[in-house]
Amino acid sequence: FASALLQEYYQAQGKYDYDTQVWEHLLQNFGGKTEYEIILKPHPNENMDIYKKIVRKYNYANVKIVQGDLFELIYISSVVVSVFSTFMLDSLCFKKPVIRVKFSDEEPIIPYDKFSVILTTELNKLSEKISDILQNPEIKYNLFRNLESFLKSQYNIPNNQPGLIIQKLIE
């Protein structure tokens with residue numbers, strides 16, 4: 001799970017507790033289950049006190065808060081969960097399935113849903129969606145079917161001979 005400063009100690013986006021709700025939900029549903037490792041990657045410089053308090057409340061051995069290398073954490077993940085973060089885009093570049101937890105009708109600027117490259121769910125369905133993605137390879141296949149066109153559109157990669165175009169630019 002990647003947080004996005006949507007917690008009580010950070011109020012630049014308004015006062016939301018979305019990230020803490022997701023964190024608590026993950027611990028309630030997957031904490032203590034040895035087949036899962038739950039890792040929180042806090043936003044850089046984010047106050048982690050609220051997350052640590054939730055960890056202490058449940059005291060599960062399979063729960064960690066890690067301020068580690070973003071790409072290493074994506075690499076070892078089976079599924080990535082976030083409310084709003086470019087971490088989702090980074091994860092798609094690694095071909096990791098992404099679940100966005102939706103709390104309002106506000107849509108992200110990046111058109112994830114338009115390209116159908118992530119699962120979007122409300123919090124009460126999150127644990128079900130995580131289990132679905134982990135157990136059903138067809139869901140991953142469907143999410144990744146449009147991934148190449150999505151990434152090309154987001155990074156403005158030309159459709160025809162991008163390698164040749166780049167080579168001409170650097171010569």
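Leu126 sits in helix α6, and keep in mind as you look at it that the model is predicted. Is this residue buried or exposed? Leu126 has a relative accessible area of 0%, under the 20% cut-off, so it counts as buried. To see what surrounds the side chain, skip the neighbours within four places in sequence: Leu126 then touches Val22, His25, Leu26, Val81, Ile99, Val101 and Thr121. Take Val81 from that list: it lies 45 residues away from Leu126 along the chain, yet the two C-alpha atoms are separated by 8.9 Å.

On the α1 side, the contact is made by Val22, His25, Leu26, Asn29 and Phe30, which meet Leu126, Ser127, Ile130 and Ser131 of α6. By type, this contact splits into 5 nonpolar and 4 polar residues, with no charged ones.

Now turn to the sheet. What is the order of its strands? The 3 strands run β3-β4-β5 in an open sheet with parallel pairing. That puts β3 (80-82) and β5 (119-121) at the edges, each with a single partner strand, so one side of each has no neighbour in the sheet. On average, neighbouring strands are turned by 20° against each other, ignoring direction. Look at β3 and β4 (residues 98-101) in particular: these parallel strands are joined by 3 bridges, and Ser82 stands opposite Arg100 in β4. Helix α6 comes back into the picture here, packing on the sheet and touching β3, β4 and β5. The direction of α6 makes about 170° with that of β4.

There's one more partner for α6 to look at, helix α7 (residues 137-144). The two helices pack at an angle of about 90°, with their axes 5 Å apart, which makes α6 roughly perpendicular to α7. Here Asp132, Ile133 and Gln135 of α6 meet Pro137, Ile139, Lys140 and Leu143 of α7. This contact divides into 4 nonpolar residues, 1 polar and 2 charged.

So, which elements does α6 bring into view? Helix α6 meets α1, packs on the strands β3, β4 and β5, and contacts α7.

Notes: Residues numbered from 1 in each chain as written. Predicted model: local features only at pLDDT ≥ 70, side-chain atom pairs only at ≥ 80, totals over all residues. Heavy atoms only, no water. Contact = heavy atoms within 4.5 Å. Helix = DSSP H or I, 4+ residues; strand = E, 2+ residues; numbered from the N terminus. Nonpolar A, V, L, I, M, F, W, Y, C, P; charged D, E, K, R; others polar. Pairing = 2+ DSSP bridges. Axes fitted to C-alpha atoms, helices over the stretch in contact; angles between N-to-C directions. Buried < 20%, exposed > 50% of the residue type's maximum accessible area, 1.4 Å probe, protein only. Parallel < 35°, antiparallel > 145°, perpendicular 65-115°, else oblique.
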